[in-house]
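Student: Before we discuss how the parts are described, could you show me the sequence and the structure?

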Amino acid sequence: MLDLDFPIGETLKQIRENKRISLKKVSEKTNIDFTLLSRIENGKRLPTKEHINKLADYYDCDKEYLTKILISDKIVYEIKNEEFGLEALKIAEQKMKYYTTLFPELDNGYFKLESRRYIGNKAKLTDWIMEIIRKETNDNNSFIDIFAGTASVAKQAMKYYKKVILNDILFSNEIIYKAFFKSENWNREKLNELLLYYNNLSANELSDNYFSKNFGGKFFDYNIAKKIGYIREDIEQNKPEYNEKEYSILLASLIYSMDKVANTVGHFDAYIKKPIKKKNFNLKLIKCEDFKGVEIYREDANILARNIKADIAYIDPPYNSRQYSRFYHVYETLVRWHKPELFGVALKPKPENMSKYCTIKARDTFKDLVENLQVKYLAISYNNTYQSKSKSSENKIKLEEILDILNNVGETKVFEQNHKYFNTGKTEFSNHKEFLFLTKKYE
Ligand SMILES: C[S@@+](CC[C@H](N)C(=O)[O-])C[C@H]1O[C@@H](n2cnc3c(N)ncnc32)[C@H](O)[C@@H]1O
């Protein structure tokens with residue numbers, strides 16, 4: 001193990017000398033200029049991240065470790081002659097902690113589960129939700145998140161329960177759950193190499209494809225769409241080389257990376273009709289959270305409810321007429337890759353996976369669900385986010401109706417919280433209330 005106290009140049013020199021390789025040979029093998037390499041080793045220049053990647057590959061040593069030394073060198077260089085350097089560093093550390101909670105996008109360069117735009121996701125409320133569930137229930141081992149969406153609540157549940165069942169009707173969500181949680185060995189090096197290859201692709205050398213023909217210049221910059229289509233096809237062509245975990249990680253990583261460059265306000269019901277802002281498309285891996293006790297389903301909640309058993313069910317269905325399969329149709333088409341014919345301005349396939357919770361049948365469907373779930377406790381999220389907006393965004397089940405249904409199946413408590421809600425960045429609903437109903441089912 002090398003010493004973290006050494007600057008990056010000296011560290012690289014030590015690695016090279018330990019391996020008894022000449023500077024000339026390193027220069028030839030990595031294509032990094034000889035004089036530049038010498039200056040880096042002598043501490044006269046800092047290497048770039050690209051240099052570090054090339055050198056780590058060639059020396060077969062830990063990239064992450066070298067990158068950390070490089071970043072710390074940069075920080076030291078910046079503050080070493082400052083009178084208040086150390087104090088400033090401490091403040092910077094606090095700021096970093098604050099920013100990572102505000103922008104929880106990346107963890108060590110990998111996408112976290114929560115760093116995805118998804119309507120109605122509960123990422124900011126998981127602590128509150130789980131705290132109530134923990135307080136109000138006891139002696140429990142198993143948890144179902146039956147409308148799991150981004151799986152942010154299920155992820156929190158994994159801290160406390162041995163078995164966590166995840167379900168959602170979307171294909172794209174199922175693949176994301178497998179990628180993050182399925183417990184199966186996978187080859188990080190292999191996928192990292194593949195990503196490096198994908199990230200170095202030049203759109204000009206790629207042909208037009210299903211994805212670019214349909215979504216290019218609309219949901220994505222045309223060249224980015226070309227790359228996405230090429231990558232998706234390549235993953236499918238090489239599917240036999242991947243196990244289920246690796247295949248799922250590749251698709252989930254593609255979805256998370258696409259979300260960062262999509263020309264949308266966070267869903268695919270429409271794209272922004274202004275010229276598309278130039279962005280870099282940089283494919284990154286997701287950060288896996290393998291969990292041995294996970295069970296993953298892609299079924300209609302009401303059907304699944306009759307076939308599984310657990311102690312607690314968390315229920316967070318859609319409450320208005322907006323169908324998730326329509327809002328996230330691009331990811332559904334991407335994951336299934338059956339290249340369906342697409343229709344209309346938003347390039348949607350024929351309707352499929354339509355949820356009864358978004359129709360006038362919502363109330364009866366909800367009633368059927370809570371009656372048939374074989375659990376001790378039900379925890380139900382509900383909010384008034386869209387109240388008083390358009391008809392399509394009105395809640396399909398009224399708060400009183402939910403309470404009525406729940407009171408019939410068990411003893412029910414209501415918890416509420418004011419929750420700042422922002423729609424597409426413009427309007428703030430300051431009176432937004434988030435509810436959690438906790439029902440202990442009658443035996
Ligand atoms: C409000 S979102 C859940 C958000 C989730 N709690 C989170 O934190 O991301 C509702 C989810 O239910 C799914 N869904 C809708 N109807 C369904 C059904 N009948 N069965 C299973 N899942 C359904 C949607 O695809 C969507 O992901």
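Student: What makes a residue count as near the ligand, and which come nearest?

Tutor: A residue is near a molecule if its C-beta atom, placed from the backbone, lies within 6 Å of it. Of the 22 residues around the ligand, G120, F147, G149, T150 and S355 come nearest. This is a predicted model, in which local features need pLDDT of at least 70 and side-chain atom pairs count only at pLDDT 80 or more, while totals for chains, interfaces and linings use all residues. Residues are numbered from 1 along each chain as its sequence is written.

Student: Why is α17 called roughly parallel to α18?

Tutor: Helix α17 (residues 362–372) and helix α18 (residues 399–409) pack at an angle of about 25°, with their axes 10 Å apart. Angles under 35 degrees count as roughly parallel, so α17 is roughly parallel to α18. The contact (C-beta atoms, placed from the backbone, within 7 Å) involves R363, F366, K367, V370 and E371 of α17, together with E401, I405, L406 and V409 of α18.

Student: What makes α12 roughly antiparallel to α13?

Tutor: The axes of helix α12 (residues 222–237) and helix α13 (residues 244–259) come within 11 Å and cross at roughly 170°. Angles over 145 degrees count as roughly antiparallel, and therefore α12 is roughly antiparallel to α13. On the α12 side the contact is made by I228, I231, R232 and I235, and on the α13 side by L250, L251, L254 and M258.

Student: How do you know where the domains lie?

Tutor: The bounds come from an automatic or database domain assignment, which divides the protein into domain 1 (8–102) and domain 2 (115–443). Their C-alpha centres lie 39 Å apart.

Terms used. Axes are lines fitted to C-alpha atoms, for helices over the stretch in contact, and angles run from 0 to 180 degrees between N-to-C directions. Helices (H or I, at least four residues) and strands (E, at least two) are DSSP runs, numbered from the N terminus. Angles under 35 degrees count as roughly parallel, over 145 as roughly antiparallel, 65 to 115 as roughly perpendicular and the rest as oblique. Two residues are in contact if their C-beta atoms, placed from the backbone, lie within 7 Å.
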